[in-house]
Amino acid sequence: MRRAIAATAALIVTGALIAASPALAHKQRASGLDNVDTSKLTKAVTVNGIMQHERALQSIANANDGTRASGLPGHVASADYVARQMRNAGYTVHRQKFTFPFFRSTTPPTLTQLTPDEKELETDIFEYSGSGDVTGVVVPTNDLVIPATPEPSSTSGCEAGDFEPAPSGPSIALIQRGACDFAVKAANAKTAGYDAVIIFNEGNPGRTDLTVGTLGSPTDIPVVGLSYDDAVALVGQISSGEVTAHVTTEVEVDLNRETQNVIADLPAGTKTKHDDQVVVVGAHLDSVVAGPGINDNGSGSSTILETAEQMSALKLTKKLQRPVRFAFWGAEESGLLGSEHYVSSLSTANLAKIYANLNFDMVGSPNYVRFVYDGDGSAGGISGPPGSDAIESVFTDYFAAQNLASAPTDFDGRSDYGPFIEAGIPAGGLFSGAEGVKTAEEAQIYGGTAGEPYDSCYHQACDTATNLNADALKELGDAAAHATAVLTLSKAGLFPDGSRVQQRQKAVKLPAKGHALTR
């Protein structure tokens, strides 16, 4: 899942208070959808089966410098593995190649205050920062908001006039987060003559820690991050005299690196009742460069791979009302680029055949919550295209029938459902939590530890096969299999009158694309 500081949706618990009878435990009716008995599939999809694939992805990462990132050999090996497994299960596999702007930091960035006191400062690099080694005077913009206001209000660096004239020697601009994109701030600093940029968090509640994001496209000067508290200390010293610092970054950028999606369809010649209603079940296969990505998103990839294998083994693929297409996206961590490429490459006729999208991105978080994408927007975020509400109900009704609580999570553009709902395609899915912090209320309902991240190894080297919760894999894995079966086996469709043909909806405008922060 792409990085972001996500706003936590209001917690709406949909778990049943009284256990459902076994006869109802795997039946589904949401909007116009038929009752579908999915118990054979959910029984066949097991944690052991999911973990077999997780261990294979871990072995691939181990053999490839600890990463499965798109554009690197570990992702190619992951795609090889998935394609082989899907072919062995009887699916027709297509490897859709495309190019994308690859970026990685080849050495850890450093930020050292040199005067008046020498001190190493915790930092990180912005995506598409340039390489550099700069020792210079630190100069804050002239419009910092310190102390920070309760709500975001800083416009630091958003206009050329925010910058003092750069000193004659090397210099480093100190800019506060807020109001405009990081790219705008960095570009304005470069235009003003600065040789490096430090962007610090704004300081409002939830916006204090060291945070970095993306510049969207490459620049040729170093751009690094800093926490609000460290920046405040720097500004205090600057008010008393000159402060110098040393910034180092070393990066690799390739604007035309090749990667791929792995697309698996029903065997050639397979017919369904409604061949023009394709249900795309997707999960991104790539990791971040920093780690093996076994929860993010080996868990989603392994879950849909296990679901596909068991649907074939149970011969459900011969009984479908509408086709299923399993998609393992590349370059999600660079901005949903694989799913975006797939959707944009479809002809108008083929786009009209995509009936719905299910997305599974992180379903094994150690400190998990059963989050369901909020298709109807009832939690305060945007709603998905019509039909998304019915998909949400498929999941929430399933959890309720298992006497399990669930909570909504916004369609905020952080994962690969984004290009689908922007094209007017109904979507939904599951998420077990990333860098967000579990609340006391959530801990009471779901267990786990309040005040700790849902996944403390999110986007780190420690996101290994030990960074998984078996209960999360079981509960969310079964729900994923259930929803896949319901949407492909129901004779009726997603809409209240049971109609099978959807009218293409207007595009949904998302607040973000991917989960790298842009501002």
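Which residue in β6 does phenylalanine 200 stand opposite? Select phenylalanine 200 to begin: its counterpart in β6 is leucine 226. The model on the screen is a predicted one, in which local features need pLDDT of at least 70 and side-chain atom pairs count only at pLDDT 80 or more, while totals for chains, interfaces and linings use all residues. Residues are numbered from 1 along each chain as its sequence is written, and side-chain values use heavy atoms, with hydrogens and water left out.

Select next strand β5, residues 196-200; strands here are DSSP runs of E of at least two residues, helices are runs of H or I of at least four, and both are numbered from the N terminus. Because 5 of the 5 residues of β5 are buried, the strand is largely enclosed by the rest of the structure (buried is under 20% relative accessible area, exposed over 50% and partly exposed in between, with a 1.4 Å probe and protein chains only). Ala196, Ile198 and Phe200 point one way from β5, whereas Val197 and Ile199 point the other way.

**Aromatic rings**

Select phenylalanine 100 and phenylalanine 102, both of which are buried. The structure as a whole holds 16 aromatic pairs (rings of Phe, Tyr and Trp, the last by its six-membered ring, pair if their centres lie within 6.5 Å, and planes under 30 degrees apart count as stacked, over 60 as edge-to-face and the rest as tilted). The ring centres of phenylalanine 100 and phenylalanine 102 are 6.2 Å apart and their planes are at 85°, so this pair is edge-to-face. Bring in arginine 257, whose charged end sits over the ring of phenylalanine 102 at 4.1 Å from its centre; the criterion is NZ of Lys or CZ of Arg within 6 Å of the ring centre and within 35 degrees of the ring normal. Elsewhere, select Trp329, Tyr342 and Phe420, which ring pairs link into a cluster.

**Backbone geometry in the loops**

Most residues other than glycine have a negative phi, and most peptide bonds are trans. Select threonine 115 and proline 116, which are joined by a cis peptide bond with omega about 0°; proline 116 is found in the loop between β1 (92-115) and β2 (119-121). The bond from isoleucine 146 to proline 147 is also cis, with omega near 0°, and proline 147 is found in the loop between β3 (132-140) and β4.

Leucine 336, in the loop between β9 (324-329) and α7 (337-345), has a positive phi of about 60° although it is not a glycine. Leucine 336 counts as buried at 1% relative accessibility. Histidine 459 also has a positive phi of about 60°, and is found in the loop between α11 (440-446) and α12 (470-489). Histidine 459 is buried, with a relative accessible area of 10%.

Notes. Pairing = 2+ DSSP bridges.
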